[in-house]
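Hi there,

Here is the structure I promised to pass on to you. Have a look at it first, and then read on for my notes.

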Amino acid sequence: MRRQQSYRFEDNESTSYALRMNRRFSRVESGADLKDYFDRGDIASRENRWNFEVAWEVANKVGGIYTVIRSKAYVSTEEMGEQLCMMGPYKEHCARTEMEEMEFPRGNPLLDAVNSMRSRGYKIHTGRWLVDGNPQLILFDIGSAAWKLDQFKSEMWEKCHIGIPHLDIETNDAIILGFMIAEFLEEFRNLAVTYSQNNELSAPRVVAHFHEWQAGVALIVLRTRQVEIATVFTTHATLLGRYLCAGNTDFYNNLDKFAVDEEAGKRQIYHRYCLERGATNLAHVFTTVSEITGYEAEHLLKRKPDIITPNGLNVKKFSAIHEFQNLHAVAKEKINEFVRGHFYGHIDFDLDKTLYFFIAGRYEFGNKGADIFIEALARLNAMLKHEKPDTTVVAFLIFPTKTNNFNVDSLRGHAVIKQLRDTINNVQQEVGKRMFDTCLRGNIPNADDLLQKEDLVKIKRCMFAMQRDSMPPVTTHNVADDWNDPVLSSIRRCHLFNSRHDRVKMVFHPEFLTSTNPLFGIDYEEFVRGCHLGVFPSYYEPWGYTPAECTVMGIPSVTTNLSGFGCFMEEHISDPKSYGIYIVDRRYIGLENSVQQLSSFMMEFSRLNRRQRIIQRNRTERLSDLLDWRTLGIYYRQARVKALQAVYPDYVDELTLYGSRNNLIFSRPHSEPPSPTSSRHTTPAPSVHGSDDEDSVDEETELKELGIK
């Protein structure tokens, strides 16, 4: 059991002058917002200011950073326009669908720099990224510079004393890409200076933003070559932190005790760690995505971040608040269809009283909190049996792992259910024809005449086919090496076998959801919309896109105070639970207490009636503005401004409210609490006028029902 954490972050002084709401639904406006700078690069062009953003996952879908760069592209181009350019490696299998190739316009220093690099033998692809905003792209073909790898490594050793093993292909690729980008940026700056002088423009100001250690190589080269370019480096998760947590280390209690060089050497990543640490300490401005990752970087990378740059999303706002409730109801019915097929022969529970919980992400059993989720579900199962035996929870665990195709029993269940539905539909049509003919002759239909013996025989055959002696399977696939699989081992230990008496049913789906999935037939976003609660009790989560995605879709979620998302919500919301954000303490209390807290949160959610869940979803969806890139993109702008001022002291930015976004606080909503355990008059009572339907709520109805004028 992990000991109580003995450290705390410094209190955020900005909360002392937090804004209090004067608008209904506890919504506030910020003083500084990135939308204020949406001029498509007009100001940047007049200031001759250029911004380059470099990442391994630009137009190259590999992991979470791809989501960050892609989702931020729209607000970045709205702010910087043609003064922005994104750079990364050219991966043909991704670029074919992600990129529209085209050349830069004549008279542009970008075109001159590209042509100069091509004259050196480098293959460079230019164009636009086919995402919202269509930012300019420069992708470098690593293979075209592979012949210079030894020269690049030699320079890295001579100037930085960092040696790269010959057999580490990923690092070799990062070295080649880094030197190619550094040479391009150096050439671009020289050409931009000449171009500015010839056209009587002010001196160019160039800032380059690098994401993660792979892109950090270019930053190191620029700084060691003393190129006059402002640099920003962002780490989304430290290399060493990921490795240490993957080894079941008591990470946060020992952060200040790790011998970082020795630990990196043990894991054979010392050269990568040196590149990451070098980029961190050479950057003019260093940022991380959350306070918790900043604390980690301070100890492992030996530099405290200058600015925290939280990750955002492109939030799609609906014209009416009931629209996302409608989407929830439609998606939930699709999940109901899966449940009918998966649990055929054991549907002794009411789907109208069934709640869908889920956890999803990379298969990092401990880091993602799947261990305490399953343990808490076992306790929830016992509590539901005792207190609410008519309520059922179906818990989905979506972690991609190696499988040997679909479980035959799962596929058979869906076939049996389809046969039953087709038979019932045929019988309905026949009964309808007989009823019509009987009424046409002026007679009242008789039940015995309508439903004939052969119809009953067909129905009975289908019902007998639905019978089975075994319990519904826990997994939808045949998992390879299932006896050593951590999820299945934990489920066996907790005896969650989907028996008739269990009020918590388990479904382990070991691959990501797509619309072509033969069992679900829905993609991940639609699945999330159909669920009632996302549970992400992570131990190591630098940010946490999964709970953020739940929030913008109006789905309540469970997170922790060891995830960047959880820390962000604690800072900006006075009472997160009232907005459907349940934050488990995994930082200051022991593991056993964290499990108890998680099970109590899930039980508390299970006690809510349908009306209360609708109200809570409305509140959760209102937080989407807080997670929009239009809101959070201001931090990236602040980082660039700070870097520019470090290199160009005469640069003055119009952004006067530096850091003002920290005073955005969502206070406790007037209608809280939503729990029926409270007897106060503000507790919403079940509706008596038929408005319990999932799609029948809007803002005015909620206000009236909660007694708020």
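This is a predicted model: local features need pLDDT of at least 70, side-chain atom pairs count only at pLDDT 80 or more; totals for chains, interfaces and linings use all residues.

Let me begin with strand β1, residues 49–54, where six of the six residues are buried. Which residues point to either side of it? Arg49, Asn51 and Glu53 lie on one face, Trp50, Phe52 and Val54 lie on the other, and both faces are covered. On the pairing side, β1 runs parallel to β6 (residues 205–211), with six bridges between them; within that pair, asparagine 51 has valine 207 as its bridge partner. Strand β2 (residues 84–89) is also parallel to β1, joined by four bridges, and here phenylalanine 52 is found opposite cysteine 85. To get from β1 to β2 the chain passes through helix α2 (residues 64–80), giving a right-handed β-α-β crossover.

Further along there is an open sheet of six strands, paired in parallel and ordered β14-β11-β10-β15-β16-β17. The edge strands are β14 (504–509) and β17 (581–584); each has a single partner strand, so one side of each has no neighbour in the sheet. On average, neighbouring strands here are turned by 25 degrees against each other, ignoring direction. Inside the sheet, β15 (residues 533–535) and β16 (residues 557–560) are linked by two bridges, and valine 535 pairs with valine 558 in β16. Helix α21 (residues 591–606) packs on this sheet and touches β10, β11, β15, β16 and β17, its direction making about 160 degrees with that of β17.

Is histidine 509 buried or exposed? Its relative accessibility is 0%, and the cut-off for buried is under 20%, so histidine 509 counts as buried. Beyond its neighbours within four places in sequence, histidine 509 contacts Leu397, Ile398, Phe399, Thr476, His477, Asn517 and Phe520.

Finally, a helix pair. The axes of α12 (residues 322–342) and α14 (residues 408–440) come within 7 Å and cross at roughly 105 degrees. Angles of 65 to 115 degrees count as roughly perpendicular, so that is how α12 stands to α14. The residues that meet are Glu337, Phe338, Arg340, Gly341 and His342 from α12 and Ser410, Gly413, His414, Ile417 and Arg421 from α14. By type, this contact has two nonpolar, five polar and three charged residues.

Technical notes. Residues are numbered from 1 along each chain as its sequence is written. Side-chain values use heavy atoms; hydrogens and water are left out. Axes are lines fitted to C-alpha atoms, for helices over the stretch in contact, and angles run from 0 to 180 degrees between N-to-C directions. Angles under 35 degrees count as roughly parallel, over 145 as roughly antiparallel, 65 to 115 as roughly perpendicular and the rest as oblique. Contact means heavy atoms within 4.5 Å. Ala, Val, Leu, Ile, Met, Phe, Trp, Tyr, Cys and Pro count as nonpolar, Asp, Glu, Lys and Arg as charged, and the others, Gly among them, as polar. Two strands pair if DSSP finds at least two bridges between them. Buried means under 20% relative accessible area, exposed over 50%, partly exposed in between (1.4 Å probe, protein chains only). A crossover is right-handed if, with the strands pointing away from the viewer, the path from the first strand over the helix to the second runs clockwise.
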